[in-house]
Amino acid sequence: MDGKKLHVALLASPGMGHLIPILVLGNRLASHHHAKVTILVITTRSSAAETQVLKEKSKLVDILEIPPVDISSLVDTNTKITTQICIMVRESLPGIRSTLALMNPQPDLLIVDLFGTEVLPIATEFGIPKYVYITSNAWFTALTVYCPVLDKEIVGEYVDQKEPLKIPGCKPVRPEDVVDPMLDRSDQQYREYLRKGMEFGSGDGILMNTWEDLEPVTLKAMRENEALKAMVKAPVYPVGPLRREPEPDRFKSEIKEWLDIQPNESVLYVSFGSGGSLSAEQIIELAYGLEMSQQRFIWVVRPPPAKGASDASFFITGRFSDGTPDFLPEGFLSRTKEVGLVIPEWAQQVEILRHTSVGGFLSHCGWNSCLESITNGVPFIAWPLYAEQRTNATLLTEELGVAVRPKVLPTKKVVDREEIEEMVRKVMQYKEGKVMRKKIKQLKTSGDKALSKEGSSFNSMCNVLRDAKTKLKAPCSARII
């Protein structure tokens with residue numbers, strides 16, 4: 001291997017939320033660690049547009065598509081998305097095995113995302129060192145690997161427990177903060193989650209999109225606490241903060257021009273991610289709360305789902321005479337036109353958060369969004385909706401001190417306009433916001449240092465590649481040539 005580029009294969013599960021983090025890791029490996037990178041993409045019958053986007057952004061890596069599989073007989077309208085993805089990966093195993101066998105040259109190591117752990121035995125068959133990449137943080141990883149223990153110890157639903165769930169050496173998890181698959185122990189997605197917890201440590205190492213200074217206590221526990229180590233099993237490698245690079249050439253001129261004339265750190269950016277939607281009542285309260293705060297804002301607006309539907313992309317098309325969509329208060333756009341910019345559906349988040357005029361982020365707390373905000377020094381209003389966002393929000397508020405959040409979870413109760421106004425003013429205007437801004441800029445500096453040459457995350461990735469090379473040279477290697 002000496003003198004040759006290491007060939008790294010990455011496996012991405014279906015969905016842009018999984019494709020983008022894998023692409024970011026692939027680009028990092030190619031540009032900073034001089035590896036040859038091939039990304040295997042598990043495609044779906046409706047993912048042609050997503051794969052095309054991936055190819056457009058993948059100048060440093062090669063893309064191989066795993067043919068789509070038909071899982072229609074294995075799921076129904078009640079099957080949760082986590083379960084659907086797990087089934088899709090499971091049904092794709094023959095195609096993944098064939099693709100790996102035909103690759104020439106064969107990969108020197110395989111890195112799968114958290115949904116791809118069932119591919120690890122195939123890598124073992126081929127004598128390929130294998131690693132799991134958790135695109136979230138160490139606390140989420142610790143909860144997941146320890147959940148099989150909690151499953152044996154705790155009777156009844158986790159959300160009904162009176163005391164926080166204890167993870168050895170780590171901050172306990174409040175019952176209301178558990179990840180979505182832990183909300184219903186009778187659902188198949190809970191069983192899939194337990195399986196993932198047991199499989200995370202079955203590779204040669206676990207990579208996580210975090211860094212040493214962000215979660216020192218949790219990382220120490222995963223390495224040193226005997227009870228937790230017994231479940232983690234594999235070495236842990238924090239390699240973050242990895243996030244999308246800005247694309248200034250594609251930044252919409254209307255948004256950029258508006259931001260360019262706003263005072264420094266004066267704009268609140270409001271977005272709930274690609275899958276987040278609010279009820280009609282909550283949208284109204286959020287609109288009035290923003291208006292009452294009298295602070296500048298950019299709001300990426302998604303209308304509420306149709307009654308009884310869960311499709312976050314559904315849009316109501318009716319309009320008021322002043323041009324305001326009928327899911328916003330009448331006259332809202334005209335009353336806030338001097339201080340606010342309302343964008344339908346989607347915005348270039350990385351570019352917006354990077355702009356010097358942005359001083360706060362009202363976010364659903366998906367981990368990708370968290371890192372994009374932290375690495376730009378922008379504090380939060382934490383508004384978790386689903387997945388692991390509740391634990392992320394707790395990490396931001398209670399551990400890192402860079403966020404405020406509603407008194408009651410937004411998924412439990414409508415947050416009223418007065419509380420929204422107060423949170424906005426805290427972040428954008430009051431002393432609390434200045435304190436949070438100072439802390440998050442320190443985290444930004446810490447993250448930049450971790451990724452720099454000889455930084456902790458850079459060295460951690462070097463250790464992964466060095467470890468893989470050592471395993472390739474081991475006499476027991478059974479690589480298929």
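Which residue in S5 is the bridge partner of leucine 110? In this predicted model, the partner is lysine 130. In total, four bridges join strand S4 (residues 109–113) to strand S5 (residues 130–134). The two strands run parallel.

Strand S5 is largely enclosed by the rest of the structure, because five of its five residues are buried. Both of its faces are covered. Lys130, Val132 and Ile134 are buried on one side. Tyr131 and Tyr133 are buried on the other.

S4 and S5 belong to an open sheet of seven strands. The order is S3-S2-S1-S4-S5-S6-S7, and the pairing is parallel. Strand S3 (62–66) and strand S7 (236–238) are the edge strands, each pairing on one side only. From one strand to the next, the twist averages 25°.

Beyond its neighbours within four places in sequence, leucine 93 is in contact with Glu118, Val119 and Ile122. Histidine 7 is 86 residues from leucine 93 along the chain, and their C-alpha atoms are separated by 21 Å.

A further open sheet has six strands, in the order S10-S9-S8-S11-S12-S13. Its pairing is parallel. Strand S10 (340–344) and strand S13 (403–404) stand at the edges. Each has a single partner strand, so one side of each is left without a neighbour in the sheet. S13 is joined to strand S12 (residues 380–382) by two bridges, and these strands run parallel. Here phenylalanine 380 stands opposite alanine 403 in S13.

H11 touches strand S8 (267–271), strand S9 (296–301) and strand S11 (358–363). The direction of H11 makes about 165° with that of S9. Helix H14 (residues 367–374) touches S11 and S12. The direction of H14 makes about 160° with that of S12.

H11 also packs against a helix. Helix H11 (residues 280–293) and helix H16 (residues 417–428) meet at an angle of about 45°, with their axes 8 Å apart. H11 and H16 are therefore oblique to each other. The crossing of H11 past H16 is right-handed. On the H11 side, the contact involves Gln282, Ile284, Glu285, Leu286, Tyr288, Gly289, Leu290, Met292 and Ser293. On the H16 side, it involves Arg417, Glu418, Ile420, Glu421, Val424 and Arg425. By class, the contact has seven nonpolar, three polar and five charged residues.

Arginine 390 is placed in helix H15 (residues 389–399). Is arginine 390 buried or exposed? With a relative accessible area of 5%, arginine 390 is buried. Leaving aside neighbours within four places in sequence, its contacts include Glu176, Asp177, Val178, Val179, Asp180 and Leu183. Pro384, Leu385, Arg405 and Leu409 are also in contact with arginine 390.

Definitions and conventions. Residues are numbered from 1 along each chain as its sequence is written. This is a predicted model: local features need pLDDT of at least 70, side-chain atom pairs count only at pLDDT 80 or more; totals for chains, interfaces and linings use all residues. Side-chain values use heavy atoms; hydrogens and water are left out. Buried means under 20% relative accessible area, exposed over 50%, partly exposed in between (1.4 Å probe, protein chains only). Contact means heavy atoms within 4.5 Å. Axes are lines fitted to C-alpha atoms, for helices over the stretch in contact, and angles run from 0 to 180 degrees between N-to-C directions. Angles under 35 degrees count as roughly parallel, over 145 as roughly antiparallel, 65 to 115 as roughly perpendicular and the rest as oblique. A crossing is left-handed if the near helix is turned anticlockwise from the far one by less than a right angle, and right-handed if clockwise. Ala, Val, Leu, Ile, Met, Phe, Trp, Tyr, Cys and Pro count as nonpolar, Asp, Glu, Lys and Arg as charged, and the others, Gly among them, as polar. Two strands pair if DSSP finds at least two bridges between them.
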